Amino acid sequence: MPTIHRLVKYLTSTTAALALLTTAPTAMATVPERVVAKALPQATAAAADTWQPPLSTQGRYIVDARGNRFRLKSANWDGAQGSWTGSGSITDPANHHAGQDSYGIPLGLDRAPLPELLADFHELGINSIRLPFSNEMIHATAPVPDVAVAANPQLRGRTPLQIYNAVVAALTQDGFAVILNNHTNTSRWCCGIDGNERWNSSQSTQQWADDWVFMARRYATDSRVVGADLYNEVRRDVLDDPNWGTGDGHDWYAAAQQAADRILTEANPNLLIVIEGINWTGVPVDGLPHDRPTLTPVRTLSHTLVDAHKLVYSAHFYGYTGPRHSGATGIGETHDARYQDLTRDQLYQVLADQAFYVTTEGQHYTAPVWISEFGIGANETGTAARTWFGNITDYFADHDADFAYWPLVGWEGHDDWALLRYDTAGRRYGILDQGDWRATAWSHLMTAPTRTGTITPVPVWRMLTTDHGDQVQSLRVRAGGDWDSGAYKAACPDGLRLIGLSHTSGRGLCTDTTTGDLRAAGNAQTVVTDERYVPAGGDWASGYTKLQCPAGQFLIGYSRRGDRVSAALCAPGRTRLGTTGRTVWFDRSDTRPADMAGGDFAYGTYKGQCSADEYAAGIAFTTRMGSTAGPAALLCTPLRP
């Protein structure tokens with residue numbers, strides 16, 4: 001989220017640097033008179049009822065239960081994540097973001113009745129709400145003061161969580177999709193060095209995941225609560241960076257995987273899981289390493305959930321930040337370009353490189369990308385900032401992107417970034433009024449052509465990794481217990497088969513290409529640890545140990561002890577399978593199909609992969625002195641006799 005006047009401390013290896021971060025870029029030029037707003041799109045609750053929950057994914061698209069495209073045209077209704085800036089008395093509104101004391105609940109409930117607020121949301125044309133909350137809000141027991149809900153007296157005497165419940169219910173009953181967003185640990189305005197840098201900055205990862213299970217269960221019976229946005233703007237604290245895949249306590253990749261697994265298996269299997277990239281690493285000082293990785297790490301290490309159709313990635317873009325710019329002005333500002341400094345073509349290339357490449361079909365990382373925050377002020381006069389807003393909304397329109405504007409609601413005279421602002425008498429101002437210069441870009445974004453109707457299913461590709469432990473993503477396999485105790489184990493999500501392996505690094509590739517779900521009904525499976533299923537005269541990897549599936553079965557998983565292959569996991573096919581296979585060696589080269597379907601699932605290592613019309617029926621490896629004991633060959637067999 002944008003932050004005004006926030007103090008952020010960063011430590012270098014020898015000194016501490018104090019950075020003043022602001023959201024409002026310096027006005028760069030005077031622009032002509034504001035344009036008259038075009039007519040904005042309108043929606044009604046009845047129109048919203050045309051979509052059928054729950055939501056899932058099909059390639060780069062989000063779809064509803066009927067398989068129809070559901071584009072997230074969203075806005076952020078903030079407040080429940082907290083508004084106190086962290087200095088001065090929390091009871092003084094001046095010490096809250098933009099002078100707005102949210103009292104830890106969604107903004108505006110003191111100024112307009114819920115039905116009026118929701119009617120205004122529909123008039124904007126949005127169909128979904130990103131609804132932030134803090135972990136502190138979940139556990140707060142004191143009721144909010146009456147002044148916080150002055151326009152909604154039915155909410156008096158309730159705790160922040162109870163009011164959050166009422167808001168969720170009102171939104172979903174009015175046809176909106178709601179995505180729960182864990183924005184902060186503490187009820188304090190984000191996003192500097194504020195105790196909210198990581199999911200576990202002010203609490204343990206265990207507590208964070210427990211809270212997510214609690215929230216997902218709480219709304220499990222409300223089918224229009226469609227998503228869990230796991231954490232907002234993961235970033236560096238004073239001493240340490242977050243990372244993507246190192247396996248330590250700051251590993252955002254692993255923490256997101258853990259929380260997603262628990263939500264889908266313990267709380268609500270219908271939720272979309274939204275995973276944001278890393279917002280900031282390093283110290284914003286020229287000459288020192290610093291970066292906004294966003295979704296770039298996904299290219300080489302993507303998530304695989306127990307449901308292969310529930311993953312959504314997200315990223316945030318504001319004009320005053322940049323590919324390597326923190327958004328600071330003055331002390332702490334570097335000479336890196338901001339997004340608003342880039343030409344239109346440069347901006348579009350950066351958007352593709354940092355986020356939208358993820359929407360490329362046929363890759364292990366393919367998923368919808370939701371830009372869950374972007375925005376600008378109605379009082380912005382800078383030419384560069386205004387141009388950026390036009391360019392980025394054009395990009396979203398041209399690329400049919402899912403998006404969520406920040407913020408939705410504010411107080412008139414306080415936060416000019418809000419789409420809708422309300423004064424103390426409940427009068428509405430903002431982008432629905434003529435004269436708001438943002439309306440032209442917003443109207444284009446909301447009315448540009450978009451893909452609708454049924455989305456044709458596409459093959460799914462997903463990565464498996466045993467870098468730091470197990471990745472058994474099949475619920476049917478889990479039901480059978482620990483099939484190779486003491487080994488690192490991996491298994492494809494239900495509906496997918498193993499089609500590729502790496503020689504080192506313990507990576508695998510899963511897919512349902514060509515056949516869809518190949519597995520027979522039931523939980524039957526075979527753990528193969530020796531050559532008993534290699535038929536007489538069927539030595540397809542002479543001199544190597546061969547773990548081959550029984551006839552009529554195919555590979556769905558594998559295990560390893562150190563670098564050595566430990567076992568192959570096989571499942572019976574639902575149809576007759578081919579029997580005469582070929583050997584694909586990959587211990588000395590990268591041996592994958594010419595089309596490279598699925599993408600590079602084990603970056604920097606040799607890997608082998610069967611063709612789309614084949615299944616993997618066996619793994620060969622060697623324990624010879626001086627040789628690597630990882631997989632060396634796959635037995636690839638035609639899917640059909």
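A disulfide is a pair of cysteine sulfur atoms within 2.5 Å. A disulfide is a covalent bond between the sulfur atoms of two cysteines.

**Entry 1: ground rules.** I am working on a predicted model, where local features need pLDDT of at least 70, side-chain atom pairs count only at pLDDT 80 or more, and totals for chains, interfaces and linings use all residues. Residues are numbered from 1 along each chain as its sequence is written, and side-chain values use heavy atoms, with hydrogens and water left out.

**Entry 2: disulfides.** I looked up how many disulfides the structure holds, and found 4. With the bonded cysteines numbered in sequence order, they pair as 1-2, 3-4, 5-6, 7-8.

I looked at Cys190 and Cys191, which are joined with an S to S distance of 1.4 Å. The torsion about their S-S bond is about 85°, so this disulfide is right-handed. I checked burial next (buried means under 20% relative accessible area, exposed over 50%, partly exposed in between, with a 1.4 Å probe and protein chains only). Cys190 is buried at 0%, and Cys191 is buried at 6%.

I then took Cys549 and Cys570, whose sulfur atoms are 2.1 Å apart. Their S-S torsion is about -80°, so the disulfide is left-handed. Cys549 sits in the loop between β24 (545–548) and β25 (553–561) and Cys570 in strand β26 (residues 564–572), so the pair ties together parts 21 residues apart in sequence. Helices (H or I, at least four residues) and strands (E, at least two) are DSSP runs, numbered from the N terminus. Cys549 is buried at 4% relative accessibility, and Cys570 at 0%.

I also noted the disulfide of Cys610 and Cys636, with S to S 2.0 Å. Its torsion is about -80°, so it is left-handed. Both Cys610 and Cys636 are buried.

**Entry 3: helix α9.** Which residues of helix α9 (residues 439–447) are buried? I listed Ala439, Ala441, Trp442, Ser443, Leu445 and Met446. Their cover includes β5 (73–76), α2 (114–124), α8 (383–398) and β14 (402–405), where contact means heavy atoms within 4.5 Å.

**Entry 4: α5 and α6.** I found that the axes of helix α5 (residues 205–218) and helix α6 (residues 252–267) come within 9 Å and cross at roughly 35°. Axes are lines fitted to C-alpha atoms, for helices over the stretch in contact, and angles run from 0 to 180 degrees between N-to-C directions. Among the α5 residues that meet α6 are Trp208 and Trp212, and those on the α6 side include Trp252 and Ile263.
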